[in-house]
Amino acid sequence: MLEQIETGDFVDVASGPSVAKLGLGKGAAAAAEKESWDRVRRRLRAELGEDVFSSWFARVEICAVVEGVAHLTVPTRFLKSWLEAHYAERLRAHCTAELDAPHGVSLSVRQVARDGAEPRPESPAQRPRITDARAPAAVNVEAAPAAAMPPASEHDVMDACGTVLDRRMSFQSFVVGKSNALAFAAAERIAAAPAGSAPYNPLYIHAGVGLGKTHLIQAIAQDARQHGKRVAYFTADRFMYGFVAALKSQTALAFKEKLRGIDLLIVDDVQFIQGRSIQQEFGHTINALIDAGKQIVVAADRLPGDLETMEERIRSRLAGGLAVEIGELDEGLRVKILGSRLEALQAAHPTFQVNPDVTTYVARAVATNGRDLDGAANRILAHATLTGATVTMETAEAAIRDLVRTREPRRVKIEEIQKLVATRYNVSRADILSERRTAAVVKPRQIAMYLAKALTPRSLPEIGRRFGGRDHTTVLHAVRKIEKAIGEDRLLHDEVDLLKRMLQE
Ligand code: ADP
Ligand code: MG
């Protein structure tokens with residue numbers, strides 16, 4: 001039921017079963033497990049294909065193997081139900097083969113703690129049951145009783161459907177700069193517009209990870225509420241879960257009927273909405289709402305046209321309003337975001353002091369996204385509290401070292417690759433997408449395909465589609481060919497390397 005979608009069986013992973021019981025050093029046991037778990041992942045990927053694997057297994061993590069049971073965690077309750085319903089046997093088989101887990105698998109929803117907050121304590125009712133996966137627990141689509149509802153913290157407020165919003169993600173705390181000014185302006189306008197008027201419908205916000213999509217759309221939800229509007233906020237997972245729950249309890253009305261009374265529907269991470277019937281329901285819902293003059297806001301990690309697994313009609317409906325991108329955070333923006341994070345931490349820890357030079361240094365070093373800036377702030381605080389030392393350039397540097405090392409390269413778009421490669425080889429992008437097979441076109445096309453595979457997370461079939469509807473075997477052939485050529489031809493190697501760097505800068 002919609003009102004109860006939020007009631008998840010949150011599990012405190014940190015206080016879960018201890019690996020110490022295995023009699024191994026924690027580090028060694030964890031490393032061995034991680035390796036075996038990687039093998040399980042490889043098996044699943046090989047067996048199910050990249051698309052299925054990345055949809056359902058990419059976010060499964062191993063917590064520990066205890067007394068022959070592999071404890072796995074997933075980010076959402078929906079994913080847990082889905083895996084239990086569809087992949088329990090397969091997971092069990094591979095875990096039994098690769099991990100020391102003859103008694104099966106236990107799946108639980110992992111707690112996400114923000115800003116170093118303590119995870120919610122585990123109540124007996126929420127403790128993970130160590131089930132024998134040979135008889136997987138029935139998928140519980142009926143919501144848990146209200147008592148299991150996680151207590152709303154001081155940071156939380158609820159939308160019209162009971163989804164918890166994070167009060168800290170407000171317009172006031174959103175730092176505006178060149179890369180997000182347009183998205184911010186559109187967001188404010190929508191939140192303040194009178195109910196029944198929908199300025200840009202839908203508003204489609206897209207950006208790479210950690211650039212503020214969720215923050216901005218949560219701010220819309222909260223501000224719109226303050227303007228007296230009825231708001232429904234969903235993540236893709238929750239939307240899907242709500243849909244599946246509605247289906248199972250047959251008497252339930254379709255989503256669009258349930259949402260009839262709202263003024264504003266917000267869906268985060270729409271790229272994760274999977275499955276034909278769920279997408280159809282999603283399509284019906286947005287159509288009905290748009291036709292009734294209700295505002296829709298969605299966020300995604302890519303352009304509407306790039307939602308490869310989404311039905312074409314829905315894609316074009318999503319593209320029919322205003323699509324705005326949030327760009328990379330420039331240095332000035334990062335300094336301000338980090339500054340405000342540190343300020344918030346200082347409010348709670350009065351002895352914690354960071355001077356502005358250190359803030360600037362850290363914001364310069366952590367060039368990726370807001371999520372990593374949050375991480376940096378938390379690490380610096382942890383460092384300062386543990387060592388009791390004042391924060392210097394050196395301690396800050398040590399605290400954020402791992403963040404800087406693992407920073408992700410810029411998000412590269414296939415279209416950018418095609419354009420750059422076309423310019424470099426004096427052909428047009430249309431040539432690259434065309435059927436032509438002259439050498440002058442074939443080589444740049446293959447290089448572009450190779451770069452698309454190397455620099456984007458897209459699968460081979462997706463890349464094929466983006467290169468004029470080619471088959472994935474064609475892409476694979478191109479990737480292999482260029483890989484080989486690069487190994488043999490120094491000049492080509494340097495050239496492709498330069499293209500890579502240009503795209504990633
Ligand atoms: P996304 O949903 O795009 O992956 P989030 O909205 O979760 O990113 O942002 C990641 C973190 O960075 C959050 O803590 C968010 O508050 C912070 N953040 C991102 N952009 C800004 C901004 N412009 N101002 C303040 N905080 C920001
Ligand atoms: Mg997000």
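Ligand 1 is surrounded by 18 residues, and the closest of these are G210, H215, R341, R371 and D374; a residue counts as near the ligand if one of its heavy atoms lies within 4 Å of it. The model is predicted, and local features need pLDDT of at least 70, side-chain atom pairs count only at pLDDT 80 or more, and totals for chains, interfaces and linings use all residues. Residues are numbered from 1 along each chain as its sequence is written, ligands are numbered from 1 in the order in which they are written, and side-chain values use heavy atoms, with hydrogens and water left out.

The shell around ligand 1 consists of five nonpolar, eight polar and five charged residues. In this grouping, Ala, Val, Leu, Ile, Met, Phe, Trp, Tyr, Cys and Pro are nonpolar, Asp, Glu, Lys and Arg are charged, and the others, Gly among them, are polar. At least two residues of the shell come from each of α6 (213–226), α11 (331–348) and α13 (370–387); such helices are DSSP runs of H or I with at least four residues, strands are runs of E with at least two, and both are numbered from the N terminus.

Oxygen atoms of the ligand also meet polar atoms of the protein. One lies 2.7 Å from an N or O atom in the side chain of R341, and for the side chain of K213 the corresponding distance is 2.9 Å. At G212, a polar backbone atom is 3.1 Å from an oxygen atom of ligand 1.

The backbone has two features to examine. Most residues other than glycine have a negative phi, and most peptide bonds are trans. The peptide bond from N201 to P202, however, is cis, with omega near -5°, and P202 is in the loop between α5 (181–192) and β7 (203–206). D269, although not a glycine, has a positive phi of about 55°; this residue is in the loop between β9 (264–268) and α9 (276–291).

Notes. A polar contact is a pair of N or O atoms within 3.5 Å; within protein, one must be able to donate a hydrogen and the other to accept it, and residues adjacent in sequence count only if both atoms are side-chain atoms.
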